[in-house]
Amino acid sequence: MDAAERTGPVSRLERSSHTAFLEERALYVWGGHQVVGGEDVMLPSDEIWLCDLDSGTWEWRRIAGEAPPVGFCGSYVNGKLYVFAGSDPVGYASEMFSVDLAEESYSWKKVTDAKGTTPSPRNKHSCWVHRGRLIFFGGYGCKTIGEVRNASSSNFVVEEMSWTTVGNALFRCWGWNNEVSVFDTLTATWSTPDTRGPAPAPRGCHASALLGNKGYISGGVEKSELDMFCLDLETWTWTQFDLGPSRAPLGRSMFTMTPTSDHTLFVYGGLGTDGSTLNDAWQFNTQKREWNKMANPHEDKPRVCHTACLGSDDDVVVFGGISNMCFLMDSVFILRAPAQNHCRDVFVFQTQPYSLFRLCEDLIGRNPERFGNHLNWLPSKVHKQINKRVAFFSETKAVLTA
């Protein structure tokens, strides 16, 4: 099913490296990048878009207050969107912002009374939401020389040395980390758990997902095959999956990993270690510890820097991203070219058989003329839902035949 590009300016919906999450049947989209005049630009932080997945229509809403930077890690918990760290044209940040989406008017609030030690500035990190806590992993950023001296070489890999100032702190060392940092949203407290076991190598641009009390990390490093690690969020013990020779996916970064059942993770797209923009779909079984390549009805939609959320009926809802990431090369440097191929479409992977109600709903939505005035006999709530599906499928047909 392809969807949801019906209303709202194209210039505001096409994006990559954004945050997206689902609340009931609404897809929320915030932030990200776009290309304007051949240059990568940051999309406004003072707005958020909502897509009704039943009707495929978009709604724009303003967010007042001091806005956070981009290059962030956004997480949705208990009705609030939290944004931590990130970067802007000035530099990197390590601040926390939140916006209450249950309120009638949205407004950013900067967390200024947090207790504990705030993690160092970074971006390209990930987050698990677990029992009201935001648990961050990895990323790329800067540290002071003193912080690097106190850190294990296995926790922070220095990539370059340069001077920059963030607040009153002078930073010199830039690199990748594999740190685990916890923010309790109820007490506004930072903590750093003592982890044990074989931790992933420092990385960023990886994918993460939560299954029960376990957080999973995959990719973001230069390996021929995709790796997989698990962190028990009660004992803080890492486990590395020894997959052995198998049909493992190509190593990649900037992809998505979505939980689709109690023991399965759905992986889609990304930038392959061979430099290609990928369009493959895989499922990882955490009990059997094996990969299975999935049938893909969207092979014409390769994606990098997209989002993939778990929807109703265990659907995976993909939005945005880049359909063809290009690189510029000369004798010295390899640089990512500004991506002209930003996307604004929503498409869905079905991972489980649909319920009879869902099948009937979609059948009527596709063929309302077969039922005529009988639709008026439906209960008002069901009738309203059917009208949304009729609108969705009628617009989809218009897009496909245009």
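## Loops, strands, pocket and cores

Ala 188 sits in the loop between β16 (169–184) and β17 (189–191). Helices (H or I, at least four residues) and strands (E, at least two) are DSSP runs, numbered from the N terminus. The model is predicted: local features need pLDDT of at least 70, side-chain atom pairs count only at pLDDT 80 or more, and totals for chains, interfaces and linings use all residues. Residues are numbered from 1 along each chain as its sequence is written, and side-chain values use heavy atoms, with hydrogens and water left out.

**Two alanines with positive phi**

Most residues other than glycine have a negative phi. Ala 188 is not a glycine, yet has a positive phi of about 55°. Its relative accessibility is 15%, so Ala 188 counts as buried. Buried means under 20% relative accessible area, exposed means over 50%, and partly exposed lies in between (1.4 Å probe, protein chains only).

Ala 85 also has a positive phi, of about 60°. Ala 85 belongs to strand β9 (residues 80–88). With 0% relative accessibility, this residue counts as buried.

**The chain as a whole**

The chain holds 4 helices and 32 strands. Of its 402 residues, 50% count as buried. The chain exposes about 19,000 Å², and carbon and sulfur atoms supply 51% of that area. Accessible areas come from the Shrake-Rupley method with a 1.4 Å probe; for residues, only the protein chains shown count as cover.

Contact means heavy atoms within 4.5 Å. Take the contacts between residues at least 6 apart in sequence: 57% of them join residues at least 24 apart.

**The largest pocket**

The largest pocket has a volume of about 1,800 Å³. The lining numbers 50 residues, and the closest to the pocket centre are His 18, Thr 19, Cys 73, Gly 74 and Thr 307. Seven strands can be listed as giving two or more residues each to this lining: β2 (19–23), β5 (39–42), β8 (73–77), β13 (126–130), β18 (207–211), β23 (256–259) and β28 (307–310). By class, the lining has 29 nonpolar, 18 polar and 3 charged residues.

On a 1 Å grid over the protein atoms alone, a pocket is an open set of points where a 1.4 Å probe fits, with protein on both sides within 12 Å along at least five of seven lines; lining residues have an atom within 4 Å of a point. Grid points are joined across faces, edges and corners, and the volume is the space filled by probe spheres set on the points. Ala, Val, Leu, Ile, Met, Phe, Trp, Tyr, Cys and Pro count as nonpolar, Asp, Glu, Lys and Arg as charged, and the others, Gly among them, as polar.

**Nonpolar cores**

A nonpolar core is a set of buried Ala, Val, Leu, Ile, Met, Phe, Trp, Tyr and Cys residues joined through side-chain atoms within 4.5 Å. The largest has 17 residues; Tyr 216, Met 228, Met 257, Leu 265 and Trp 291 touch the most other members. At least two residues come from each of β18, β24 (264–268) and β26 (281–285). β18 gives the largest share, 3 residues. A second, separate core has 16 residues, including Ala 26, Ile 48, Val 70 and Phe 72.

| Pair | Apart in sequence | C-alpha separation |
|---|---|---|
| Ala 281 and Gly 269 | 12 residues | 6.8 Å |
| Lys 214 and Leu 233 | 19 residues | 5.6 Å |
| Phe 137 and Glu 179 | 42 residues | 5.6 Å |
| Gly 56 and Ala 391 | 335 residues | 7.8 Å |

Ala 281 lies in strand β26. This alanine is buried, at 1% relative accessible area. Beyond four places in sequence, Ala 281 contacts Phe 266, Val 267, Tyr 268, Asn 292, Lys 293, Met 294 and Phe 349.

Lys 214 is in strand β19 (residues 214–218). At 36% relative accessibility, Lys 214 counts as partly exposed. Its contacts beyond four places in sequence are Ala 209, Cys 230, Leu 231, Asp 232 and Leu 233.

Phe 137 is part of strand β14 (residues 133–143). Phe 137 counts as buried, with 1% relative accessibility. Its contacts beyond four places in sequence include Trp 128, Glu 179, Pro 200, Arg 203, Ile 217 and Trp 238.

Gly 56 lies in the loop between β6 (47–52) and β7 (57–64). Gly 56 counts as buried, at 0% relative accessibility.
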